[in-house]
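Trainee: Could you take me closely through one part of this model, the sheet and the helices that pack against it?

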Amino acid sequence: MENLQDLTKKAQAALGKQADVIAASPGRVNLIGEHIDYCDGFVMPFALDRYIVIAAARNGTSQAKFSSAGMPDVVIPLGQPLEVTEPKWGNYVRGVIHGFYQRGLVPPSFDAYVVSSVPGGAGLSSSAALECAVATLLEGLCGITLDKKDKALLSQKAEHDFAHVPCGIMDQFASTFGEKDKLVMIDCRSGEPSMVPFENPDLTVIIANTRVHHELSDGGYALRRKHTEDALALIGKPSWRDVSMADVAANWEKMGTPVQLRARHVVGEISRTQNAATALAAGDYTTLGKLMYESHESLKNDFAVSCVELDHMVEIAQSIGQKGGVIGSRMTGGGFGGSTVTLCESSRAAEIMEKMASEYKQRTGINAEIFSSRPSQGAHLILA
Ligand code: ADP
Ligand code: MG
């Protein structure tokens, strides 16, 4: 896989003329805390060493043109109202430009070329990587620096209003705030990230892309979000952070299925994530691993966002077990396909990845994409 330097060269070459600005922003993987970033919960993602890189040169016209291999070009007349339109990938770009307009910023016209090492639609948030890379590119072109939190929120709003995915704040925060050897622990009620050290070289994070993919915008994600809103309204508390398991039990009949199950996931996952942070800080990897498996079970049974392929991948890792160097495993991201995240001992990582790939192939006939990653630098300008 291309490293950031190779990607940068590739973007510069594909642009076909000397770039004025080059921006990069990473995908992310979430260690634990799933589907609770829109429920005032805690989440613990990190920025992958996989990036979307965009190289741009001013073009002296009145429009911005974005190209990406295998995709139709996106041409945007600047300084005019923006609408949701084809091609679809251009909506992420339009949404971010719209956010700049709302802040009184109109970038100078330019041509841009997008390259990526973030697998798309794999639960690793290539969409947030794209939004945050565009936002960072526009910072460079406008000669300004947005507050990081504002940049993440602007990018999230682009996804809401232009791609119509009602995502929480995790993806854009991870892509923006990511740092080398740090997890981005986000308190989604206060909207404040805090950096959690993840430096132990004996720990490796394996990402396994099942290569099955269901669009998040096709309703499954939005429906889960609605279930959680309905549940909270029925429980009658202002925030999920004020809800206990006893509250869930007391309102169980009133909520009915499936809303009661969604509520149990949210409350359980918030406490699992807090406990995981404590376990990680204490070096208690057995507890951390147990919490990851519990998270997966809850996402599968109560939140119903897993699928057969994700379950296979987690089962395979779990069957390798602690003896084989696996600490814990779970689905990661929105679900309905995509990837799993597996924590393991570094010395065993290569053989674990091989076993996961061959066993998964045997069970499903699919060649998974399996790689390891370390927490890496978030969105930044490479050239400005
Ligand atoms: P995920 O964020 O999990 O990867 P999404 O469905 O949210 O999946 O976002 C994927 C979409 O993001 C793609 O369908 C495409 O519109 C856009 N996208 C991702 N990577 C690129 C790229 N390299 N070039 C153009 N568009 C991209
Ligand atoms: Mg996405």
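**The sheet and its helices**

Mentor: In this predicted model, six strands form an open sheet in the order E5-E4-E6-E3-E1-E13, and their pairing is mixed; strands (E, at least two residues) and helices (H or I, at least four) are DSSP runs numbered from the N terminus, and two strands pair if DSSP finds at least two bridges between them. Strand E5 (74-77) and strand E13 (380-383) are the edge strands, each pairing on one side only. On average, neighbouring strands of this sheet are turned by 25° against each other, direction ignored, where axes are lines fitted to C-alpha atoms, for helices over the stretch in contact, and angles run from 0 to 180 degrees between N-to-C directions.

Strand E4 (residues 63-68) and strand E6 (residues 110-116) run parallel and are joined by five bridges, and Ser 68 has Val 114 in E6 as its bridge partner. Helix H2 (residues 89-102) packs on the sheet, where H2 touches E4, E5 and E6 and makes about 25° with the direction of E5; contact means heavy atoms within 4.5 Å. Within helix H2 lies Asn 91, which counts as buried because its relative accessibility is 5%, buried meaning under 20% relative accessible area (1.4 Å probe, protein chains only). Beyond its neighbours within four places in sequence, Asn 91 is in contact with Glu 83, Val 84, Thr 85 and Phe 162.

Residues are numbered from 1 along each chain as its sequence is written, and chains are lettered from A and ligands numbered from 1 in the order in which they are written. Local features need pLDDT of at least 70, side-chain atom pairs count only at pLDDT 80 or more, and totals for chains, interfaces and linings use all residues, while side-chain values use heavy atoms, with hydrogens and water left out.

Technical notes: Buried means under 20% relative accessible area, exposed over 50%, partly exposed in between (1.4 Å probe, protein chains only).
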